[in-house]
Amino acid sequence: MARKIQFEIAQDSEKETDAAQAFSADPTSKAPSLSAMAKSLHAAAAASIREIDPRLIEESQFQDRIPDDDLEVADLAASIHAQGQLIPILVSPIAGGRFRIIYGRRRLAALRTLNLPAKALVRDLDEDQAIIAQGQENTFRKDLSWIEKAMFARQLVEAGKPDELICDTLNIDQKARREGEKLTGLSRMKQVMSKLDHALVEAVGPAPKVGRDRWYGLAQLIDKKGFPPGNQSHLLADVEKARDEGMSSDERFDRLEQVVKDHSKTQVKSTKPIMASANASMVGTVRANARSATITVTSAAARQLHLWIATNPDEALRALVEAQQKFEQQQ
């Protein structure tokens, strides 16, 4: 049975929507550091709470929320203004007398708008402990959407964190780990995020009513329709327009899903070489279809261009993207 370790800070009823919840750890877990961290956090709760200037507190390097609702922060600020900050945030000290937020980011944002000091528990946590505390505090409160968890997971993957740490942080695939089975929950997050641009997901927002299956279906559809990461600017522009029109995050997802489905009516179907201008055709050919585009340098006179592309693929692709954006701006 899991043992719950709780912060008992005040007897008053908390009215902040960002209230902290129980932090739990399994004493039978093979990761004793989790239990030790929970005990340390419990000890911190019993200690005096410090007041810290919010200007000294930096954001976490791993974003677990997609910013989408300034009104929610405003409501939280109003509650704190009326009731005071009843529940502290958790921070960890970093160099230069500064601190990094572990959890309580919305409370911190609200306090900044009020120009009030932040009541905070200060714990010296290493990076992995801070990640687990940040992830579990939000995961156990249930209010992170599936795509926010997936984005958080991608950041941890890109930072080189092991799958076991990511699963502990997001409280996913625990049964599969115990039974030595495939980590399907984490695998699905990796698959979805590998097919979607970060900017596109942020433009859609947390989409709280949209679950794993719809996000997975959308990612597969985007891939099938020929919108690989790095080439989703058309989709991004449409979602940003929907946001400017006042559509909610869930509505923006619906809009994106429909735009991708409708793309089949206008997608490129030719598989024959497409000759560009006379000068370009002297260099090579372009072959394009719904899923990909291939540029072939055929002219012996363009050997240096061939070699440059071969040794500088990132710069070559970036030049194409910049050319596309410039062309779209001129339209």
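Modeller: Buried means under 20% relative accessible area, exposed means over 50%, and partly exposed lies in between (1.4 Å probe, protein chains only). Helices (H or I, at least four residues) and strands (E, at least two) are DSSP runs, numbered from the N terminus. This is a predicted model: local features need pLDDT of at least 70, side-chain atom pairs count only at pLDDT 80 or more, and totals for chains, interfaces and linings use all residues. Residues are numbered from 1 along each chain as its sequence is written, and side-chain values use heavy atoms, with hydrogens and water left out.

Colleague: How many of the residues of α6 are buried?

Modeller: The buried residues in α6 are L165, I166, C167, D168, T169 and L170. This helix is mostly covered. Of its 8 residues, the buried ones number 6.

Colleague: Which side chain makes a polar contact with the side chain of K161?

Modeller: K161 sits in the loop between α5 (146-158) and α6. K161 counts as buried because its relative accessibility is 15%. Beyond four places in sequence, its contacts (heavy atoms within 4.5 Å) include D128, I131, L156 and I166. The polar contact (N or O atoms within 3.5 Å, one able to donate a hydrogen and the other to accept it; residues adjacent in sequence count only through side-chain atoms on both sides) is 2.4 Å, and the partner is E127.

Colleague: Is K209 buried or exposed?

Modeller: K209 is also a loop residue, between α9 (198-204) and α10 (212-224). Its C-alpha is 9.2 Å from that of W146, 63 residues away in sequence. Its relative accessible area is 75%, so K209 is exposed.

Colleague: Which residue forms a salt bridge with R105?

Modeller: Side chains of opposite charge can pair when their charged atoms come close. A salt bridge here is a side-chain nitrogen of Lys or Arg within 4 Å of a carboxyl oxygen of Asp or Glu. R105 is partly exposed at 23%. Its partner, at 3.4 Å from N to O, is E59.

Colleague: How many residues apart are R105 and E59?

Modeller: R105 is in helix α3 (residues 105-114). E59 is in the loop between β4 (57-58) and α2 (70-83). The pair links distant parts of the chain, and its separation is 46.

Colleague: Which residue pairs with R255 in a salt bridge?

Modeller: The closest N and O atoms are 3.0 Å apart. The pair links helix α12 (residues 249-262) to helix α11 (residues 233-244), 17 residues apart. R255 lies in α12, and its partner is D238.

Colleague: How many salt bridges are found in the whole structure?

Modeller: One of the pairs is D53 with R55, at 2.8 Å. E58, R98 and R100 are linked in a network. The search of the whole structure gives 14.

Colleague: Which element has the lowest mean pLDDT?

Modeller: pLDDT is the predictor's confidence in each residue, from 0 to 100. It stays under 50 over residues 1-32. Where pLDDT is low, the predicted coordinates should not be read in detail. Helix α8 (residues 184-195) has the highest mean, 93, and the lowest, 35, belongs to strand β1.

Colleague: What is the mean pLDDT of the chain?

Modeller: Of the residues in the chain, 71% reach 70 or more. The mean is 76.
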